[in-house]
Amino acid sequence: MASVFSWCCSPRFLILLFIISAVPIGFIISLERSIINQSAADVYKYHSHGWMRECTKWDDLNRRFIISYFEGGVGQIPVPEDYIPGTVLEEETVIKDNDLAGNGSLGLVIDRLRNRILVVNADALGNLYSALAAYDLNTWNRLFLTQLSGSGDGKAFADDVAVDAEGNAYVTDAKSSKIWKVGVNGELLSIIKSPLFTHKEWYKDLISINGIVYHPDGFLLVIHTFVGELYKIDIEKEEVKLVKIVGGSLAFGDGLELLSPTKLVVAAARPSGRLVESLDGWETASVVAKYSGPMHRLATAATVKDGKVYLNHMFSLGLPKRKHAIVEAVFTPVESTNG
């Protein structure tokens, strides 16, 4: 019973419940047709081994998408040079650690300077284990595994990760509203906390800080899922500021990806994607465009391939083979409310 209760309080279940309540079941067919009708060049479909895929990042040097498995593990989807749009690709499992069995693999980031990926692992049911692992991009050998929380540390849910220029990693805790800072070799350096991360109303923090990116100017951008707040964090002073957002809400925002130093993509439940722009160093920002995609599949992460934004979708469809979709986000400008 305890595990069932924990699952019902888990971040992914709550978002799924929100989607189900918002989308009539009969409407799913028409939503799925929206993928079919979208240009085949704008959608990468692939057969997968599981129902849920949390995060996707494009590895341009090796022409592949790298994906994390919600049931645990990491896969790759090679995209050949002679790829024909519309071809269904195949998922290949590259990481499956026995000592992490029972935990989900969630956010991941490619650390190009050190030729590795960083992968968040967490106990999605009980919220009793969180860790960060690093792997070599060529051999897939594990470089380190750093436990961030255990059964004696209270509830925690490591969700997403970013890496700075020095190789330090920053992992968000969507359950207990904090950020772990992990050194380049896996040492736990500090924990970033702020009163801005939490709210008086308990239900607003059911899923708290979530998506995170490192900005080349030396700070972090982090989103609070339920409230939709965006934070700017000075990594030297570990100071947290609230970014003033105009032009729309970022509520239910999940994964983040920088399209440029001034433009941020927010993957979300509804709409599937938002494009946010800042012209003052992320002191303030505006929602300038939106993309409404197949929300029944639940967009959870964003990546950039050849200058285009693609959204990872959590859920697969199809039997006997499960089929996932990585869909280009074609943004529609938001009309300005300024007179």
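**A walk through the chain**

Modeller: Let's start with a pair of strands: S4 and strand S6 (residues 92–95) run antiparallel to each other, joined by three bridges. Val74 faces Ile95 in S6. Two strands count as paired if DSSP finds at least two bridges between them. Helices (H or I, at least four residues) and strands (E, at least two) are DSSP runs, numbered from the N terminus.

Colleague: Before we go on, what sort of model is this?

Modeller: A predicted one, where local features need pLDDT of at least 70 and side-chain atom pairs count only at pLDDT 80 or more, while totals for chains, interfaces and linings use all residues. Residues are numbered from 1 along each chain as its sequence is written, and side-chain values use heavy atoms, with hydrogens and water left out.

Colleague: Good to know. Back to S4: how many of its residues are buried?

Modeller: Four of the five residues in S4 (residues 74–78) are buried, which leaves the strand mostly covered. Buried is under 20% relative accessible area, exposed is over 50%, and partly exposed is in between (1.4 Å probe, protein chains only).

Colleague: And which other strand does S4 pair with in the antiparallel sense, over five bridges?

Modeller: That is strand S3 (residues 64–69). Phe65 has Ile77 in S4 as its bridge partner. The hairpin of S3 and S4 has four residues between the strands, and Gly72 there takes a positive phi near 110 degrees.

Colleague: How many helices and strands are there in the protein chain?

Modeller: Three helices and 26 strands. The chain has 339 residues, of which 55% are buried.

Colleague: Let me change topic. In what order do the five strands of the open sheet come?

Modeller: The order is S5-S1-S25-S24-S23, with mixed pairing. S5 (89–90) and S23 (299–305) are the edge strands, each with a single partner, so one side of each has no neighbour in the sheet.

Colleague: How does S23 pair with S24?

Modeller: S23 and S24 (residues 308–313) are antiparallel, with six bridges between them. Ala301 sits opposite Asn312 in S24.

Colleague: What about the inside? Which residues have the most contacts within the largest nonpolar core?

Modeller: They are Leu118, Val120, Leu132, Leu148, Ala158, Val161 and Val171, in a core of 28 residues. S7 (104–111), S8 (116–122), S9 (130–136), S10 (142–149), S11 (158–163), S12 (169–173) and S13 (178–182) each give at least two residues to this core. A second, separate core has 16 residues, including Ile110, Val119, Ala131 and Ala301. A nonpolar core here is a set of buried Ala, Val, Leu, Ile, Met, Phe, Trp, Tyr and Cys residues joined through side-chain atoms within 4.5 Å.

Colleague: Which residues does Val171 touch?

Modeller: Leaving out residues up to four places away in sequence, Val171 touches Val120, Leu132, Leu148, Ala158, Asp159, Asp160, Val161, Lys178, Ile179 and Trp180. A contact is heavy atoms within 4.5 Å.

Colleague: Now charges: how many salt bridges does a search of the whole structure find?

Modeller: It finds 15, counting a side-chain nitrogen of Lys or Arg within 4 Å of a carboxyl oxygen of Asp or Glu. In one of them, the closest N and O atoms of Lys57 and Glu257 are 2.8 Å apart. Lys57 is in S2 (residues 53–59) and Glu257 in S19 (residues 253–260), so this pair links parts of the chain 200 residues apart.

Colleague: Are Lys57 and Glu257 buried or exposed?

Modeller: Both are buried. Arg116 and Asp111 are buried as well, and their side chains form a salt bridge at 2.8 Å, N to O.

Colleague: Which residues are linked in a network of salt bridges?

Modeller: Asp59, Asp60, Arg64 and Arg112. Within it, Arg112 and Asp60 have their closest N and O atoms 3.2 Å apart. Arg112 lies in the loop between S7 and S8, and Asp60 in the loop between S2 and S3, 52 residues apart. Arg112 is partly exposed at 29% relative accessible area, and Asp60 is partly exposed at 47%.
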